[in-house]
Amino acid sequence: MAAEVANRFESVQQVRDGLKSVNYLADDGISGVAFLADRLGKPVLVEGPAGVGKTQLAKSIAEMTGSRLIRLQCYEGLDESRALYEWNYKKQLLRIQADKNSDSWSEVHDDIFSEEFLLTRPLLEAIRASDPVVLLIDEVDRVEVETEALLLEILSDYQVSIPELGTIEATQIPLVFLTSNNTRELSEALKRRCLYLHVDYPTMEREKEIVLTKVPEITEHLADQIARIVRSIRMLDLKKSPSVSETLDWARTLLLLNIETIDEATAKETLHILLKYQTDILKATKELSVE
Amino acid sequence: MLDLLNGFVQELRNAGLPVSLTENLDAMEAIQHIPIEDRDAFKYALGATLIKNNSHWRAFETVFEVYFSLRGPEYKLAEGDESDLDELWREMQEQQQQGEGQGGGGAMDALTPEEIAQMLMQALLNGDQAMMRALAKQSVQRFAGMEPGRPVGGTYYLYRTLRNLDLDGMLDKLMEQTAQQAQGGELTHLEQRLEHDEFEHRIEQFKQEIEAEIRRRLVADRGVEAMAKTLRKPLPEDVEFMHASRDEMQSLKKALQPLTRKLAARLARKRRHGRKGPLDFRNTVRHSLSYGGVPAEPKFKYPRPAKPELMVVADISGSVAAFARFTLMLVYAISGQFSKVRSFVFIDGIDEVTEYFRATEDIQEAIHRVNTEADVVWVDGHSDYGHAFEVFWERYGKDIGPKTTVLLLGDARNNYHASQAWVVKEIRQRARHVYWLNPEPKSYWNTGDSIVSDYGVHTDGVYECRNLRQLEGFVEKLT
């Protein structure tokens, strides 16, 4: 291993309290795995339905530990030059053309492959950072299986090999979070290197807490009602269940409309904030209004 | 501790979960950082290191419970605390001697069943967790009638306990009570619905408590390994369509959704990245600018192959209905990958059901309509492949073209009717591909009235599709 594992957290409870102080309500699983990730120096693979706060978890951890967040957004067609590093061709070209006659070839050759001409991309940047960083590799399931292999070296050994420069090792081990929406099965090799965390929709009690924390002006009564309705809706067989962020949107809307108690009419009128498919909305209205 | 963990990992592997050596080592390291008396943290530490797929979590939980639930009230995991196990065991034996219902000690034992029901109702009404747990324990002790050494499964005890408690009736009573308590008399529908869900949730919790309690007692009786073995269940993707229980059907349905999403994503990708096409001159020149005009990075056009047309012809008679249903669901969930999907169902008559799927976005509803509305009975409602195929050929045969792939689903148990295999032969001559999917295990093929090979010789392949895994594998091949 390249560098010593620095202990950022004392205990699971500390992680939980810390996250709470930055307005992220973690359950046992989330705080436990975050704590382990720090202790074992391993990346965390976070999976779960869309909008349950996977990305937010990484952001909150960064905020809580006062680290810099480096984010790599994955997409189809992502390659080495976007994820790891790239040689600055234009600058190299200029360098060669600038003093054609003065330097000998070998000098130029050595010179143009020095760090000056290296463009760091998120992964390399996270490795080279001397200040504490949190690396977030977002939606890792979007890249092709072959591109996944790019990540393996950095995830297991925290190093990047550049043929012209040699191996660059991490000065400190960053906390790494990978998120996945599970649109495809990730490779075994990647999974093996990570701790696995599945974030699901919160329980009713936790959802209520989340609403209360994120929308501070809301009354307890309303938050309770919101959480209960959302739970009932999630139990239906829908195309897409409402996510936590949609619950929060709904809570804010109700607040703006000055609604104190949700009755059937208000529920019906504002349901389109929670649900995005017409068939889902119809189904939910039907289910919630008549037994 | 090490032994225990090793046994645990072994059991996970036996249950079909892939646990690699590195993951095992990770788990060992992880638990050193976790305060051992914190059971939840311990569980999550093991889960995070050993389980890398959410659909395996249920199986993991069951095994975890069997292995670690009995380790005392403060959940100490240190060595030498088998005493609790022993105690529970002794308690059970004592109870055995004294006869049921009058076991010594504990304030609750003196209560009548009516009082217990009353207390349970109060606990459910107030959501009192501790009380519910105590009551679960009490009712198992009282109603399950567990005897040490009796070779009966846990479901039997669960059934006995629940029968005595009448939880469905309890739900109605709870609803009544809240209706009375509500100010201003009537509850609105919305409120009613919410209360209903809330109580259902609590009752579900209570049931789980009971199940856990029964399991605890069974483990005390039979030992960890034996118990883990009886609880072992196939993973959702390995459940056989033809023998799935209702619960398994539910979990299959749940597993199907993420699976289709993955399949669709993978297929779309495969289509786009299959081969490289001719040089894309414009794009190449555009990229040559970063190399000072040298076309160092050639760009290619990607070919867009035509999507196949699909015709699904499915037997929906009793035994294979579940299989047909799942295949139809899967096919329609990824229908974007085909230029056209038409589906037909038959028993001894045949009917086209494409319209049901077109009319609604909700696949479940369409499937429901297939089961209730499709006109598939001709004479007696027993499978007759021969007649169904004949009619199919007559009515729809002309629609089969060189782009069409025909899928025939069924176990080919023809009840000794004429096979009319020539239809399949004709279809094959006209179609691009013909495949037969059989939900029966290969060893049963061509036994009894199964004539799958009569049809099979005329197709491009007969595939065994007993579970989701095999079905997924086939569908991926198809496109």
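## A buried alanine in a loop

A412(B) is buried, because 24 other C-beta atoms lie within 10 Å of its own and 20 or more count as buried. You can find A412(B) in the loop that runs between β4 (404-409) and α18 (422-430) of chain B. Keep in mind as you explore that this is a predicted model.

The backbone of A412(B) also deserves a look: its phi is near 55 degrees, a positive value in a residue other than glycine. Most residues other than glycine have a negative phi.

N446(B) is not a glycine either, yet its phi is positive, at about 65 degrees. Look for N446(B) in the loop between β5 (433-438) and α19 (452-456) of chain B. Is N446(B) buried or partly exposed? With 14 other C-beta atoms within 10 Å, N446(B) is partly exposed, whereas A412(B) is buried.

## Chain A as a whole

Now step back and take in chain A, whose secondary structure consists of 14 helices and nine strands. Its radius of gyration is 24 Å, well over the 19 Å that the globule rule gives for 291 residues, so chain A is more spread out than a compact globule. Along the principal axes, the C-alpha atoms of chain A fill a box of roughly 85 × 40 × 35 Å.

Of the 291 residues in chain A, 37% are buried. Among the contacts in chain A with a separation of 6 or more, 77% are between residues 24 or more positions apart.

## The sheet of chain A

Five strands of chain A form an open sheet with parallel pairing, in the order β2-β5-β8-β1-β9. Which strands are at the edges? They are β2 (68-73) and β9 of chain A, each of which pairs on one side only. From one strand to the next, the twist averages 20 degrees.

Look next at β8 (residues 175-180) of chain A, which is joined to β5(A) by four bridges, the two strands running parallel. Along this pairing, V134(A) stands opposite L175(A), and I137(A) stands opposite L178(A). β8(A) also pairs with β1 (residues 44-47) of chain A, in the parallel sense and over four bridges; here V44(A) stands opposite F177(A).

How many of the six residues of β8(A) are buried? Six of the six are, and the strand is mostly covered.

I137(A) lies in β5 (residues 133-138) of chain A. Why does I137(A) count as buried? It has 26 other C-beta atoms within 10 Å, and the cut-off is 20 or more.

Leaving aside neighbours within four places in sequence, I137(A) is in contact with L72(A), C74(A), L151(A), V176(A) and L178(A). For another kind of separation, compare I137(A) with T183(A): they are 46 residues apart in sequence, and their C-alpha atoms are 16 Å apart in space.

## Where the two chains meet

Chain A puts 37 residues in contact with 37 residues of chain B. Several elements of chain A give two or more residues to this side, including α5 (89-98), α11 (220-235) and α14 (278-289). The largest share, seven residues, comes from α2(A). Sorted by class, the side of chain A that touches chain B has 14 nonpolar, eight polar and 15 charged residues.

Two packed helices are described by the angle between their axes and the distance between the axes. For α2(A) and α3 (residues 39-50) of chain B, the angle is about 65 degrees and the axes are 9 Å apart. Their crossing is right-handed. α2(A) makes this contact through D28(A), G29(A), G32(A), V33(A) and L36(A), and α3(B) through D40(B), A41(B), Y44(B), A45(B) and A48(B). By class, these are six nonpolar, two polar and two charged residues.

## A covered strand in chain B

To finish, find β2 (residues 340-346) of chain B: six of its seven residues are buried, so this strand is largely enclosed by the rest of the structure. Seven bridges join β2(B) to β1 (residues 309-315) of chain B, and the two run parallel. M311(B) stands opposite R342(B) in β2(B).

How values were computed
Residues are numbered from 1 along each chain as its sequence is written. Chains are lettered from A and ligands numbered from 1 in the order in which they are written. This is a predicted model: local features need pLDDT of at least 70, side-chain atom pairs count only at pLDDT 80 or more; totals for chains, interfaces and linings use all residues. The radius of gyration is taken over C-alpha atoms; the globule rule is 2.2 Å times the number of residues to the power 0.38. A residue is buried if 20 or more other C-beta atoms lie within 10 Å of its own, exposed if 12 or fewer, and partly exposed in between; C-beta atoms are placed from the backbone. Two residues are in contact if their C-beta atoms, placed from the backbone, lie within 7 Å. Ala, Val, Leu, Ile, Met, Phe, Trp, Tyr, Cys and Pro count as nonpolar, Asp, Glu, Lys and Arg as charged, and the others, Gly among them, as polar. Axes are lines fitted to C-alpha atoms, for helices over the stretch in contact, and angles run from 0 to 180 degrees between N-to-C directions. A crossing is left-handed if the near helix is turned anticlockwise from the far one by less than a right angle, and right-handed if clockwise. Two strands pair if DSSP finds at least two bridges between them.
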